Amino acid sequence: MISMLSAAGAFLFVSQRYMETSIESHLASVARLHAQRIDEFMNFLTSELRLISSRTPLRKAVTDYVDRRDNAALDQINSILSDAKRSVSSFENLLLYGIDGKLITSISALSLESQQLDSGMRDKLLSNYQVTSTIIGAEGRRVIQVGGPMMDGNRAIGILVVLTSMEPLRAASSGSGGWVSEELIITEADAKGHDKAITPLRFAMAEDVPPLTLTQIKEQDKIKSDERNLLSGKDYRGVAVLASTQMLKNPAWTIMVKIDQDDAFRPIRDQRDLWLAMMLLVLVLVAIIGVWLSSYFTMPILGLAEVAVMIASGDFKRRMQHFSRDELGMLSYSVNRMADKLVDVSAELETQLRLQHERADRLNDQLIHANNELHWLSRTDSLTKLFNRRTLEETLENEWLRAIRTGHSLAAIMLDLDFFKSINDISGHASGDECLRRVGSVLKETVQRSGDFVARYGGEEFVILVIDANIEHACTFAERIRTRLAEEAIPHPSSDLAPVVTASMGITAMIPSNDRSPQELLDLADRALYLAKARGRNRIETVGPDQT
Ligand SMILES: Nc1nc2c(ncn2[C@@H]2O[C@H](COP(=O)(O)OP(=O)(O)OP(=O)(O)O)[C@@H](O)[C@H]2O)c(=O)[nH]1
């Protein structure tokens, strides 16, 4: 857009410069044409005068009159000159002067000033044909004066002068270049060398307006072009004008054609105004098209992009609001459909995801449960549901360390059923299992009440850890177990001791220290159990740490 305006502006500038130059050249041509016409007119007058003065009868009559003052010759002169005046319509008067500058004869009535040529003019006219302007009559009318010598051989016999009206020049001064303000001004140097207008000024408002002189114009304005003799400045009205001048040699006149600058450059101004109006129109059209494009294309595309970005970022609620009946409208509709579909798919995925999560949670719970189960199974004995030997060893290790820290005593009861093998042998293995389960229940119940720990150590062998207890406390605890076992009265058909299941128990206790090991506690309990078995079973034996 900017480059288009720049190109148009450059074109306007070049075009305006071209028009300006054309106008100036046209003005110079008009000035040249005027100068040519005036020059031709002057040549015509001069050649007519030459023709008249070269006539033999006139020359003979003038010679006769000059030499003898012959009145008949004077009559003949008047007759010839009258004929000559009639032959050229623009001739106003024909005058014959003697070589001394005194008037010999005149065809028309004269004012007093024309009776005698001044010596300067006389000398000029004797030497060659001269064209000047002069003022005649009481009313001070300006006329063209063409004069030259009459020769008889090499002898000058007189000066023949013709006066012609300025009318042909006035006619020529009307506009011929086509400008309303066009004015032709002819100037001639006066006696002081100043250029004075010799044609009436076309726009002078009053007769006493001083005629504009070319010298004045040259002084106040700068010359624009030497070739076309162009001047610009203000004329006698104070109006800015553009002028072109041409110099004539004979007469020594300056032909100046001037036009008002306002008039001269009107086409340029009109073109510039038209260009500005067109540019304004183009700008308005571009703005309208821009707004139209923006509202019909850019805005919907930006809206589409925004909705697409929102959808891409996971916000499926945004929709296109405006639809046009074109490809963009179809695209907007499709984007909305796509968003609707995405909402459905998203909801479906969310449901499936939620179900998967729930399933995973359930599986996780089952896994945790199974792990707990496994952990429990790994720590317990499947038959009696008591802790197994590995758990006993871990618990003993922890309690041992804790007792080291607290300095409390730790006791262990090792319990073995008496003649258990015979239950298996006589009643069957299942009865043996049932016996073991019931013994386990008794032990668990007893230990749970005290907060101590019980585990199945081997086949029919059990270990009870009595926390913070010495041997006496452990014995009391063992007695309680023996009592509960007796109350349970688990049948034993083949025991040498009783009809019910009995147990032998070995007890030990010690204050744990870093120079002893937990295994020593179990070994001492085992030794006490061995003693109980050896001393008759169904009894409690103790072995202290100092009995090793
Ligand atoms: N039914 C059953 N029997 C078991 C289990 N574990 C070990 N036994 C049996 O327990 C019996 C242990 O017998 P022994 O070590 O000879 O001892 P006992 O018969 O109790 O004799 P004393 O201990 O000397 O009084 C063996 O016959 C084993 O087979 C079990 O889990 N179930």
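**Exercise 1.** Which residue of β14 is the bridge partner of A455?

*Solution.* The model is predicted: local features need pLDDT of at least 70 and side-chain atom pairs count only at pLDDT 80 or more, while totals for chains, interfaces and linings use all residues. Residues are numbered from 1 along each chain as its sequence is written, and side-chain values use heavy atoms, leaving out hydrogens and water.

Step 1. Strands are DSSP runs (E, at least two residues) and helices likewise (H or I, at least four), numbered from the N terminus; two strands pair if DSSP finds at least two bridges between them.
Step 2. β13 pairs with β14 (residues 461-466) in the antiparallel sense, over four bridges.
Step 3. Within β14, V463 is the bridge partner of A455.

**Exercise 2.** State the strand order of the open sheet and identify its edge strands.

*Solution.* Step 1. The order of the five strands is β13-β14-β12-β15-β16, with mixed pairing.
Step 2. β13 (453-456) and β16 (540-542) are the edge strands, each pairing on one side only.

**Exercise 3.** Describe the surroundings of the ligand.

*Solution.* Step 1. The ligand is surrounded by 16 residues (a heavy atom within 4 Å); F419, F420, N424, D433 and R537 are the closest.
Step 2. By class, four are nonpolar, four polar and eight charged (Asp, Glu, Lys and Arg count as charged; Ala, Val, Leu, Ile, Met, Phe, Trp, Tyr, Cys and Pro as nonpolar; the others, Gly among them, as polar).
Step 3. α12 gives the most to this shell, with four residues.
Step 4. An N or O atom in the side chain of D433 lies 2.8 Å from a nitrogen atom of the ligand.

Conventions. A polar contact is a pair of N or O atoms within 3.5 Å; within protein, one must be able to donate a hydrogen and the other to accept it, and residues adjacent in sequence count only if both atoms are side-chain atoms.
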